[in-house]
Amino acid sequence: MPENTDAQSNNFLKRFMRLLNREYLVFLFLLFLSTAFWAFLTGNNVYEGEMKVCIRLSGCPKNVVLLNSETDSVALTIKDTGWKFFWYYTVKHTDKELYVPFADYKQGDVVTISNAEIQRLLFKQQVLAPTTSITSLKRDAITFRFNMGAHKRVPVRFNGTLNTKSAITIIQPDSVDVYASDEMLKNIREIRTDTTRYELQQDTIRTEIALEKTRNVKVIPSIVDLTIFRITFVEKTTPVRVECINEPTGKRLSLQTPKVEVRYYVDQKIHDNVNPEMFKVVADYNDVANLVSDKVELKLISAPNYVKNVRLLTTTSDYRIDEMQ
């Protein structure tokens, strides 16, 4: 008796699954028909949409340097059927680029392409389908400026800000090539970095920094390496021998103070590298040639560029003029 019950249950389950599969297939078929009908109706409807086209110059001579961006773009509003939008602008054309022949549109030192020419080239180069209509083009004209390689090299100046004054900045490279018109090149003396602010929390920051952008000026490279060092200054004093200068033949300027103390601030990491020979202190014979003063002025004329607030603790000295045999 139990075996008959199990057989009946299995037969019922099989009949149920066949019925379920049949209804499922019917559902999928109806779903496919409705989707196809909807796609047919939708694909034949006319739609309006926006697209962006990248514009590039083609056929530029090797010595031509573009001063503004090497590419530009236009935003279009276009109208076509749903099928065209799907096939031509989604499946077939994933890159939307328009190439402008340099020689055809060159006028002096600019390449200018008008709104009408942009539209003509869009269809000529098959960027747009023949059935597509342009309802809006949000540019009047596109201009590329260039020169034939005229440039000069100028220094780079750090124009950012730091959260501390106890720091130095090093830029590599410290000078860049600037391309521009002859008139603009005359007025360019330096190129600044952008105005990024840096929070110096550790001893050293190494990063990249962009250079300022000026209209119709091309800078190579446009990004430089920036290193910022934190400096902890210490005060140091060192004795420096005074050198007598401009002594005439047969005369010698003798000083009562042949050495003078030089005081300065220097980064504690390198203070041991500073020695007296790096400073130059002089006494000029011409200052006392007429014997109008009983003291000669002592002058500091050179010091390492990485020391700060350099000063002499003694600025004058008694002297005598000796006759040399």
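**View 1. Tyr-179 stands opposite Lys-218 of strand β16.** The model shown here and in every other view is predicted. Strands β12 and β16 pair in the antiparallel sense. Three bridges connect β12 with β16. Both strands belong to an open sheet of four, in the order β13-β9-β12-β16. The pairing in this sheet is mixed. At its edges are β13, residues 191-192, and β16. Each of these edge strands pairs on one side only. In general, strands of a sheet pair through backbone hydrogen bonds, either parallel or antiparallel.

**View 2. Strands β11, β17 and β15 form an open sheet.** The order is β11-β17-β15, and the pairing is antiparallel. Strands β15 and β17 run antiparallel and are joined by seven bridges. Across this sheet, Thr-204 stands opposite Phe-229 in β17.

**View 3. A cis peptide bond leads from Gln-172 to Pro-173.** Its omega is near -5 degrees. Where does Pro-173 lie? Pro-173 is in the loop between β11, residues 167-172, and β12, residues 175-179. As a rule, most peptide bonds are trans.

**View 4. Ile-220 and Pro-221 are joined by a cis peptide bond.** Omega is about -5 degrees for this bond. Pro-221 sits in the loop between β16 and β17. Strand β16 covers residues 218-220, and strand β17 covers 223-230. Strand β16 is an edge strand of the sheet in View 1. Strand β17 belongs to the sheet in View 2.

**View 5. Asn-216 has a positive phi although it is not a glycine.** The angle is about 65 degrees. Most residues other than glycine have a negative phi. Asn-216 is placed in the loop between β15, residues 204-210, and β16. Is Asn-216 buried or exposed? Asn-216 counts as buried because its relative accessibility is 16%, with the cut-off for buried at under 20%.

**View 6. Asn-309 has a positive phi, though it is not a glycine.** Here phi is about 50 degrees. Asn-309 lies in strand β23, which covers residues 308-312.

**View 7. Glu-97 and Arg-56 meet in a salt bridge through their side chains.** The N to O distance is 3.1 Å. The pair links distant parts of the chain, 41 residues apart. Glu-97 is in strand β4, residues 97-101. Arg-56 is in strand β1, residues 46-58. Glu-97 counts as partly exposed because its relative accessibility is 23%. Arg-56 is partly exposed too, with a relative accessible area of 31%. In general, side chains of opposite charge can pair when their charged atoms come close.

**View 8. Glu-323 forms a salt bridge with Lys-251.** The closest N and O atoms are 2.6 Å apart. Which strands does this pair link? Glu-323 is in β24, residues 316-323, and Lys-251 is in β19, residues 251-255. The two residues are 72 residues apart, in distant parts of the chain. Glu-323 is exposed, with a relative accessible area of 53%. Lys-251 is partly exposed, with 28%.

**View 9. Asp-322 forms a salt bridge with Arg-252.** The closest N and O atoms of this pair are 3.5 Å apart. Asp-322 counts as buried, at 16% relative accessibility. Arg-252 counts as partly exposed, at 39%.

**View 10. Arg-157, Glu-190 and Arg-192 are linked in a network of salt bridges.** How many salt bridges does a search of the whole structure find? The search finds 13.

Terms used
Residues are numbered from 1 along each chain as its sequence is written. This is a predicted model: local features need pLDDT of at least 70, side-chain atom pairs count only at pLDDT 80 or more; totals for chains, interfaces and linings use all residues. Side-chain values use heavy atoms; hydrogens and water are left out. Buried means under 20% relative accessible area, exposed over 50%, partly exposed in between (1.4 Å probe, protein chains only). Two strands pair if DSSP finds at least two bridges between them. A salt bridge is a side-chain nitrogen of Lys or Arg within 4 Å of a carboxyl oxygen of Asp or Glu.
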